[in-house]
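Keep the model open beside the text and look up each residue as we get to it.

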Amino acid sequence: MIVVCFVCLGNICRSPLAQGVFEKCVAEQGLENHIQVASAGTGSWHIGSPPDERMQQTANKYGVQLNSRGQQFQSSDYNDFDLILAMDHSNFSILEQLCPRPEKAQNLRMFRSFDPEANGDLNVPDPYYGGGKGFEIVYEIVNRTCPNILEFLKDRAGLKA
Ligand code: 4NP
């Protein structure tokens, strides 16, 4: 089993959406028995909380269900996750600091390093304090990026036909 974890700040907007969209990609290819999906936040404010109502509404509009509950990323999580994807540079640097052993750092990547349209901007913009458009932008980025992450993992795990 390969386990991937998406990480943002609050674990109620960006990473829950990435988890939901990626779970859908995995299910569409019948890979649920090979790839497991999680999400977490670097902050502790929303531990136990469902995803932000605005993020849920955007997701549902596109046929994606969000089922996560907020959890805070722990240093020991490096032992459980094969790929850890930071939604922005701030998340990335906190995750770097939490890395328990140098060899584990190779499992940490920027989420948008898999975005075909990143054009050098690797941050998924935080929508929390903005208007509805921000949630749409997050959806667009996540929706075009998740298929590339799945192809990467399939390659790495020898799951390609
Ligand atoms: P997220 O958005 O990191 O995409 O889940 C945020 C959610 C909550 C807060 C910040 C960002 N907050 O400050 O509570």
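Met-55 sits in helix α2; helices here are DSSP runs of H or I with at least four residues, strands are runs of E with at least two, and both are numbered from the N terminus. Before going further, note that this is a predicted model, in which local features need pLDDT of at least 70 and side-chain atom pairs count only at pLDDT 80 or more, while totals for chains, interfaces and linings use all residues. Residues are numbered from 1 along each chain as its sequence is written, and side-chain values use heavy atoms, with hydrogens and water left out.

Back to Met-55: is it buried or exposed? With a relative accessible area of 0%, Met-55 is buried. Buried means under 20% relative accessible area, exposed means over 50%, and partly exposed is in between, using a 1.4 Å probe and protein chains only. Leaving out residues up to four places away in sequence, Met-55 touches Ile-12, Cys-13, Leu-17, Leu-66, Phe-135 and Val-138, where a contact means heavy atoms within 4.5 Å. Arg-14 is 41 residues from Met-55 in sequence, yet their C-alpha atoms are 8.0 Å apart in space.

Arg-14 takes us to the ligand. Around the ligand you'll find Cys-8, Leu-9, Gly-10, Asn-11, Ile-12, Cys-13, Arg-14, Trp-45, His-46, Asp-126, Tyr-128 and Tyr-129; a residue counts as near it if one of its heavy atoms lies within 4 Å. Now look at the polar contacts, which are pairs of N or O atoms within 3.5 Å; within protein, one atom must be able to donate a hydrogen and the other to accept it, and residues adjacent in sequence count only if both atoms are side-chain atoms. An N or O atom in the side chain of Arg-14 is 2.8 Å from an oxygen atom of the ligand. From Ile-12, a backbone N or O atom lies 3.0 Å from a ligand oxygen, and from Asp-126 a polar side-chain atom lies 3.3 Å from one. On its own the ligand has 350 Å² of accessible area, and the protein covers 94% of that; these areas come from the Shrake-Rupley method with a 1.4 Å probe, and for residues only the protein chains shown count as cover.

Asn-11, in the loop between β1 and α1, has a positive phi of about 60° although it is not a glycine. Most residues other than glycine have a negative phi. Asn-119 also has a positive phi, of about 50°, and is not a glycine either; look for it in the loop between β4 and α4. Asn-11 is buried at 1% relative accessible area, whereas Asn-119 is exposed at 78%.

Next, the inside of the protein. A nonpolar core is a set of buried Ala, Val, Leu, Ile, Met, Phe, Trp, Tyr and Cys residues joined through side-chain atoms within 4.5 Å. The largest one has 34 residues, and Val-4, Phe-6, Leu-17, Phe-22, Ile-35, Phe-111 and Val-142 have the most contacts inside it. Two or more residues each come from β1 (2-8), α1 (14-28), β2 (35-41), α2 (53-61), β3 (83-86) and α4 (132-157). Which element gives the most? That's α4, with nine residues.

Cys-25 is buried, at 14% relative accessible area, and the nearest cysteine sulfur, in Cys-146, is 5.3 Å away. For Cys-99 the closest cysteine sulfur is that of Cys-5, at 14 Å, so the two are too far apart for a bond.

Finally, visit some loops. Ser-68, between α2 and β3, is buried at 9% and touches residues including Pro-16, Gln-19 and Pro-50. Glu-32, between α1 and β2, is partly exposed at 44%, and its contacts beyond four places in sequence are Met-1, Val-26 and Ala-27.

Notes
A disulfide is a pair of cysteine sulfur atoms within 2.5 Å.
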